[in-house]
Every structure is written in structure tokens, then in C-alpha cells.
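Could you walk me through this model, starting with the ligand site and then moving out to the domains and a few individual residues?

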Amino acid sequence: MFELSPHHRKIQETARAAAAEVDPFAGEADASTVVHEAAREALRRSGLARQVVPAAHGGASETLDPLAIAVVREALMYSSAHLDSLFGMQGVGSYALTVGGSDELRARWLPRVAALDAIAGLALTEPDIGSDLRGVTTTLASVSDGVRVDGRKSFITNGGAADFYCVLGREGDGDARGHSMVLVPADAPGLTVRPGPGLIAPHILGELEFDGVVVPEGNRLGVPLKAFSLMLQTLAVFRVSVAGSAVGLAQAALDEALRHVTVREQFGRPLIGLGAVGQNVALSWTDVEAARALTYRAAALAQSDPLGHLDMSSIAKVNATEAAGRVVDRSVQAMGRFGLVQGSKIERLYRNARPLRVYEGATEVLLDSLARRLAKGAS
Ligand SMILES: Cc1cc2nc3c(=O)[nH]c(=O)nc-3n(C[C@H](O)[C@H](O)[C@H](O)COP(=O)(O)OP(=O)(O)OC[C@H]3O[C@@H](n4cnc5c(N)ncnc54)[C@H](O)[C@@H]3O)c2cc1C
């Protein structure tokens with residue numbers, strides 16, 4: 001079993017304390033499609049958002065620590081998907097700025113991200129572009145007074161709540177063509193944000209429209225035409241953190257089922273004593289422990305060389321999110337009709353588990369890229 005260091009245990013304790021604060025109103029927070037202020041306050045008080053910003057700009061460590069981030073997400077997701085998302089998106093939404101922004105731009109925004117005074121958003125997905133991000137149609141172009149942005153972004157977490165968005169677009173033509181990124185403040189003229197669709201697991205989602213938005217050249221992130229690598233760097237640090245969230249959710253679902261099957265009796269004994277039920281919760285325990293071990297290992301590897309270990313992060317994400325799906329489904333089954341009650345915790349966990357297998361690399365997309373890596377001789 002991979003053991004966390006005392007340093008990581010301390011971070012875990014802080015995260016568990018924040019999660020425990022939110023737990024009494026977690027159902028309400030998870031139903032919210034706007035920032036739940038009490039959840040945000042609990043997160044702010046914990047200081048945990050400092051984990052997703054480098055120390056030079058108000059963060060906790062010199063470079064981001066994927067293991068610390070995964071451990072935090074595990075603890076937060078145990079109680080609330082809304083809380084987990086508020087934390088995770090501060091990092092996912094700002095990492096392109098951390099690695100690709102000018103000193104001035106970083107100094108302006110990152111300390112506020114770390115203090116949770118500014119909320120971050122990452123705008124990649126478009127109405128017609130999802131997994132195949134290289135096909136984005138949003139355009140960026142240098143104009144006399146800065147960089148002009150035109151296009152639409154869809155399903156953007158924190159859309160409408162964020163103070164800025166890191167936006168991926170295409171730029172140039174012919175041989176001088178590529179992907180660029182730019183930071184767009186939420187109040188930029190020409191940017192309209194509409195609420196996104198309601199999901200089975202409610203989420204702060206926005207649909208963004210950029211109509212002749214112009215931001216200063218200094219808002220560029222990374223090298224023009226070559227900024228796609230910022231996306232890969234973001235995934236390399238944060239993909240494994242989704243595995244952490246999945247482990248937290250799976251543990252919560254297992255605990256919920258256990259509480260039920262050790263108390264409820266049928267056929268003269270607790271449900272856990274009826275062969276198949278006991279086997280199912282034991283299988284879920286096995287899934288949770290295996291997912292946690294792999295997640296911690298992949299996150300620890302990502303700490304030294306995130307891009308070099310992206311395959312392990314993908315493996316951990318596929319494993320943990322698929323395991324969470326199985327665990328929560330088994331838990332519902334073990335709870336019988338009580339697992340189906342609207343407004344119950346297990347029902348919330350069941351719904352919250354589903355998006356994990358779609359965002360930040362759908363399972364099939366990750367398996368596809370892992371298969372290609374295997375074909376090239378990686379393992
Ligand atoms: C809750 C939530 C929050 C989100 N937040 C953000 C955000 O903050 N910013 C942002 O930019 N986007 C965000 N997204 C969008 C998310 O990144 C996309 O949903 C994701 O990239 C998948 O794209 P898609 O949904 O268009 O599915 P598609 O790309 O249409 O794929 C549909 C399915 O086809 C399969 N598939 C696709 N490609 C392959 C392949 N190569 N090989 C095998 N199978 C394949 C997979 O099963 C996949 O689930 C969010 C989505 C959700 C659900």
C-alpha cells in the first residue's frame with residue numbers, strides 16, 4: 001500500500017475538515033448551478049486553493065504537487081461534487097496561465113485564484129467540438145489594439161461565475177497556422193455568457209460567445225500557434241486529480257452501502273450476511289483500494305515529470321472513474337428500494353459519478369490513446 005507522507009497527511013486532514021464543514025449542506029451545494037457561497041467560504045477558510053497555484057504567486061509549493069491535489073479532491077468529493085469542482089477548477093482553469101502567462105498577468109490573477117477571490121475557467125469545448133480539440137473553430141487574431149477572439153465555447157465549468165477564462169482557439173493560415181491561447185476577463189466587452197443545460201448532476205455550466213472580443217497582447221498564454229502544449233501540460237497535472245475525485249466518491253458510496261447492509265435485516269440476518277450482498281460490498285472495497293493505490297502512485301509519478309507520466313495519469317483516471325461507476329451501482333443495488341429514493345445521498349452519488357467518465361478525457365478516448373502508445377511499444 002502506498003503510504004502518504006506526513007506532509008500529505010496534513011493536507012488530507014485540512015481537506016477532510018473542509019469537507020466535513022460542507023457535509024451538512026452538501027445536498028444543497030450539489031444541486032446548485034451557481035457558486036454556493038457557504039461552500040466557497042469553507043474552501044476559502046481552508047486555504048486549500050493555494051495547492052493549485054505556485055508559491056511565487058501566493059500558492060503552497062514551488063511547483064504544483066499532483067499528489068496533494070489528488071488527495072484534496074478525494075477528500076472533498078467524499079462530501080460534495082460542488083466543493084470538489086470549486087477546488088479542482090481553480091487549478092484546471094488557471095494552469096495555462098501558470099505555465100504560459102507573462103509575469104505581469106500571473107501577478108495580477110494568480111494570488112486572487114489562490115485566495116479564491118477570483119474564479120477560473122478553461123474554455124476548450126465548442127458546440128461542435130468535444131474530444132477532438134485540435135478541431136476548435138474559435139479564432140484568435142492579432143489586431144492593432146491586441147488579440148481578437150471570435151467564436152463559441154460550450155459546457156464551460158464556472159461559466160457565468162468565473163472572473164476569467166483561458167481560451168483555446170486557432171490562429172493564422174497556411175503554414176503559419178496553429179493553436180493559441182489567451183486569457184479573457186469575464187467582463188471583456190463582446191463576451192456573452194448564458195447558462196448551460198441542466199445536467200443529471202447539476203454543475204455550474206456556461207455557454208460562452210465571443211463576438212469581436214479584444215484583449216491586450218499581454219493576455220496571450222504560451223507561444224502563439226504553439227499553445228496546444230499548454231493543454232497537454234494542464235492534463236498532465238490535473239487528469240490524475242479526477243481519479244482522486246473518483247476514489248472519494250467511490251469510498252462515499254461504499255460507506256453508504258455498508259451503513260445500510262450492516263443494519264437492515266432480511267431472512268433473519270443483516271443483508272451483509274446474505275452471500276451476494278457481502279460479496280458485492282467486498283468487491284467494492286477491493287475496487288476502492290485498488291483505485292486509490294493506483295491514483296496515488298500515478299499522482300506521485302506526475303509530481304516529478306507530469307508529461308512523462310501522462311499515460312499513468314490516463315490509466316489511473318480510467319481505472320478510478322470506471323471503478324466509481326461500478327461501486328456506486330453496486331451500492332444502489334445493495335440498498336434495494338432505499339437506494340432509489342430521490343434526495344438521498346446514494347442517489348446524489350449515483351448521479352455525480354456519471355460525468356467523471358466523460359470529462360477531462362472520456363474513457364474510450366483515453367483507452368484509444370493508450371492503445372496507440374502500446375502499438376508504438378510503450379508499456
Ligand atoms: C460536467 C462537465 C463539465 C465540463 N467542463 C468543461 C470545461 O470547463 N471546459 C471545457 O472546455 N469543456 C468542459 N466540458 C466538456 C468536456 O470536456 C467534453 O464533454 C468532453 O471533452 C467530451 O466531449 P463531448 O462531450 O463533445 O463528446 P464527444 O467528443 O462527442 O464524444 C462522445 C463519446 O464518443 C466516444 N469517443 C470520442 N472520441 C473517441 C475516440 N477517439 N475513440 C473512441 N471513442 C471516442 C467517447 O465515448 C465519448 O464519450 C465539461 C463536460 C461536462 C460533462
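The shell around the ligand is made up of 10 nonpolar, five polar and two charged residues. In this count Ala, Val, Leu, Ile, Met, Phe, Trp, Tyr, Cys and Pro are nonpolar, Asp, Glu, Lys and Arg are charged, and the others, Gly among them, are polar. The model is predicted: local features need pLDDT of at least 70, side-chain atom pairs count only at pLDDT 80 or more, and totals for chains, interfaces and linings use all residues. Residues are numbered from 1 along each chain as its sequence is written.

Altogether 17 residues surround the ligand, with Leu124, Gly130, Ser131, Thr157 and Glu364 the closest. At least two residues of the shell come from each of strand S1 (120-123), strand S3 (146-157) and helix H12 (363-375). These names follow DSSP runs numbered from the N terminus, with helices being H or I runs of at least four residues and strands being E runs of at least two. Domain 2 (120-225) and domain 3 (229-375) each give the shell at least three residues.

**Domains and annotations**

Besides those two, the chain has domain 1 (6-114). The bounds come from an automatic or database domain assignment.

| UniProt feature (unreviewed entry) | Residues | Helix | Strand | Distance between end C-alpha atoms |
|---|---|---|---|---|
| Acyl-CoA dehydrogenase/oxidase N-terminal | residues 6-115 | 69% helix | 0% strand | 24 Å |
| Acyl-CoA oxidase/dehydrogenase middle | residues 122-212 | 0% helix | 57% strand | 19 Å |
| Acyl-CoA dehydrogenase/oxidase C-terminal | residues 228-374 | 76% helix | 3% strand | 23 Å |

How do domain 1 and domain 3 meet? Their C-alpha centres lie 21 Å apart, and 24 residues of domain 1 are in contact with 25 residues of domain 3. Contact here means that the C-beta atoms of two residues, placed from the backbone, lie within 7 Å. On the domain 1 side, helix H2, helix H4 (66-79), helix H5 and helix H6 (95-100) each supply at least two residues. H4 gives the largest share of that side, 11 residues. By type, the side of domain 1 that touches domain 3 has 15 nonpolar, four polar and five charged residues.

**Inside domain 1**

Which residues of helix H3 (residues 37-46) are buried? They are Ala39, Ala42, Leu43 and Ser46. Seen down the axis of H3, these buried residues fall within an arc of 95 degrees, so they line one face of the helix. The arc is taken from the directions from the helix axis to the C-beta atoms. Buried means that 20 or more other C-beta atoms lie within 10 Å of a residue's own, exposed means 12 or fewer, and partly exposed is in between, with C-beta atoms placed from the backbone. Glu37 and Arg45, on the other side of H3, are exposed. The cover over the buried residues includes helix H1 (6-22), helix H2 (26-30) and H5. After H3 comes Gly47, with a positive phi near 75 degrees.

Helix H5 (residues 81-92) contains Val92. Val92 counts as buried because it has 27 C-beta neighbours inside 10 Å. Beyond its neighbours within four places in sequence, Val92 is in contact with Leu122, Thr234 and Phe238.

**Some residues to look at**

Most residues other than glycine have a negative phi. Phe155, in strand S3, has a positive phi near 60 degrees. With 21 C-beta neighbours inside 10 Å, Phe155 counts as buried.

Phe267 also has a positive phi, about 55 degrees, and is not a glycine. Phe267 sits in the loop between strand S9 (265-266) and strand S10 (269-270). Is Phe267 buried or exposed? Phe267 counts as exposed, because it has 8 C-beta neighbours inside 10 Å.

Met335 lies in the loop between helix H10 (310-334) and helix H11 (345-353). Its 23 C-beta neighbours inside 10 Å make Met335 count as buried. Leaving out residues up to four places away in sequence, Met335 touches Ala257, His260 and Ile346.

Definitions and conventions:
A residue is near a molecule or strand if its C-beta atom, placed from the backbone, lies within 6 Å of it. UniProt positions are given in the numbering used here, feature names are shortened, and annotations may be inferred rather than shown by experiment.
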